[in-house]
Amino acid sequence: MAIFSGQIPGSVDGEPVLRYDGAWVVRMVVECSHCGAPLDIEQGKSVYKCNYCGTKNAPQSMRVVAPVTPQTWTPPKVWSAPAHTAAAGQTLKYQRGLNRMILMITLVSVLIPLVATFFATGGGRMFATWLWDQKSTLECPPNGRLELEGIDAKVKSGPVIEMAGNCQVTIKKSKLRGTIGIKGGANGRIVIVDTTIEAEEIGIEGGGNATIEVEGSTIRSKQVGIKAGGNGQVEVSGSKVHGDEVGIEGANRKVVLRSKCEVDGGEKGVVLGGNGNLEIRDSSVTAKKGIAIEGSANNEVVCRGGSIAGATALKLSFNAGVDVAKCKVTGKQDAGR
């Protein structure tokens with residue numbers, strides 16, 4: 001048997017080949033330098049691992065068994081190392097298929113829990129964000145969580161972001177434009193920081209029992225700035241909220257305005273509905289031609305500094321609690337007593 005003199009890169013009809021005794025070949029059978037087992041090799045490697053003993057062979061150390069691998073050739077399942085080899089007397093099993101199977105099982109056993117953990121911890125939302133064209137509605141699934149920063153989205157029809165129940169959305173340093181900026185689901189949480197929202201209908205719409213937190217942002221809408229569902233809370237800090245019709249609207253809600261917030265509506269500044277609670281701290285509520293603060297039964301309005309101004313400053317129904325002594329009030333007052 002001749003010695004395989006090494007690899008010389010070449011090709012025949014675009015296929016990589018080996019060179020043996022001056023002829024170009026695609027594949028050949030060589031002998032492992034440690035156990036003598038036959039190995040079917042092809043051009044492209046500088047080291048060949050034996051499928052029987054695992055020895056890594058350099059091309060220069062292997063003897064050629066067949067210059068061209070026969071089409072019908074298959075490696076023996078068991079190999080007995082001959083006397084002239086270092087592994088003489090050993091019976092070795094062909095391991096290539098087994099190794100692949102073991103590798104596949106190992107990969108699957110590792111990948112499945114990794115993928116499950118990835119999605120369980122909210123990693124799946126990253127894909128939605130990466131693939132989002134910022135021209136169509138981005139959906140937050142039930143119990144999902146989205147964290148967006150540096151977004152400049154404009155959606156011609158529908159909400160920019162639509163939330164299912166129990167979803168949490170945090171948006172920072174972004175700009176959203178659409179029919180509705182954010183449409184929330186029940187029991188959700190919406191956090192807006194250093195962001196501008198411009199809407200045709202509603203800037204932020206919260207579902208029932210949802211929490212809305214706005215900080216250092218501007219919300220503008222041709223209808224309602226923030227429309228909150230029942231039984232939740234709205235906290236606005238250092239922000240501007242404007243609605244051509246209503247600034248903030250909600251029922252059975254606690255609304256807190258602090259740190260020089262400006263809330264104004266063309267017709268109504270804040271609409272509480274029934275059983276609402278409005279707390280104003282160093283902020284303003286304005287509806288120059290309409291009602292600054294309106295509520296039905298069982299509302300409480302407390303102002304700890306700031307101003308309330310409108311053609312009608314306060315219009316509340318019965319059982320209202322009002323404490324605006326520390327606030328500048330401009331306009332008629334009907335506390336519902």
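In the predicted model, three strands form an open sheet in the order β6-β5-β9, and their pairing is antiparallel. The edges of this sheet are strand β6 (38-42) and strand β9 (63-66), each of which pairs on one side only. From one strand to the next, the twist averages 45°. Strand β5, which covers residues 27-31, is joined to β9 by three bridges in the antiparallel sense. Within this pairing, Glu 31 has Arg 63 of β9 as its bridge partner.

Asn 57 belongs to strand β8, which consists of residues 56-57. The relative accessibility of Asn 57 is 0%, and the residue therefore counts as buried, the cut-off for this class being under 20% relative accessible area. A polar contact of 2.5 Å connects the side chain of Asn 57 with the side chain of Ser 33. When neighbours within four places in sequence are left aside, the contacts of Asn 57 include Cys 32, Ser 33 and His 34, together with Leu 39 and Met 62. Ser 46, Val 47, Tyr 48 and Cys 50 are also among the residues in contact with Asn 57.

Aromatic rings were examined next. A pair of aromatic rings is described by the distance of the centres and the angle of the planes. The structure holds one aromatic pair, formed by Tyr 52 and Tyr 94 in an edge-to-face arrangement, with 5.4 Å from centre to centre and 65° between the planes. Tyr 52 has a relative accessible area of 6% and is buried; Tyr 94, with a relative accessible area of 25%, is partly exposed.

Another salt bridge is formed between Glu 294 and Lys 268, whose closest N and O atoms are 2.9 Å apart. Here, too, distant parts of the chain are linked: Glu 294 is in strand β30 (residues 283-295) and Lys 268 is in strand β28 (residues 268-271), 26 residues apart. The relative accessibility of Glu 294 is 18%, so this residue counts as buried. Lys 268, at 25% relative accessibility, counts as partly exposed.

A salt bridge also connects Arg 304 with Asp 323, and its closest N and O atoms are 3.8 Å apart. Arg 304 is located in the loop between β31 (300-303) and β32 (306-316), while Asp 323 is located in strand β33 (residues 321-323); the pair therefore ties together parts that are 19 residues apart in sequence. Arg 304 counts as partly exposed at 44% relative accessibility, and Asp 323 counts as partly exposed at 33%.

How values were computed. Residues are numbered from 1 along each chain as its sequence is written. This is a predicted model: local features need pLDDT of at least 70, side-chain atom pairs count only at pLDDT 80 or more; totals for chains, interfaces and linings use all residues. Side-chain values use heavy atoms; hydrogens and water are left out. Two strands pair if DSSP finds at least two bridges between them. Helices (H or I, at least four residues) and strands (E, at least two) are DSSP runs, numbered from the N terminus. Axes are lines fitted to C-alpha atoms, for helices over the stretch in contact, and angles run from 0 to 180 degrees between N-to-C directions. Buried means under 20% relative accessible area, exposed over 50%, partly exposed in between (1.4 Å probe, protein chains only). A polar contact is a pair of N or O atoms within 3.5 Å; within protein, one must be able to donate a hydrogen and the other to accept it, and residues adjacent in sequence count only if both atoms are side-chain atoms. Contact means heavy atoms within 4.5 Å. Rings of Phe, Tyr and Trp (its six-membered ring) pair if their centres lie within 6.5 Å; planes under 30 degrees apart count as stacked, over 60 as edge-to-face and the rest as tilted. A salt bridge is a side-chain nitrogen of Lys or Arg within 4 Å of a carboxyl oxygen of Asp or Glu.
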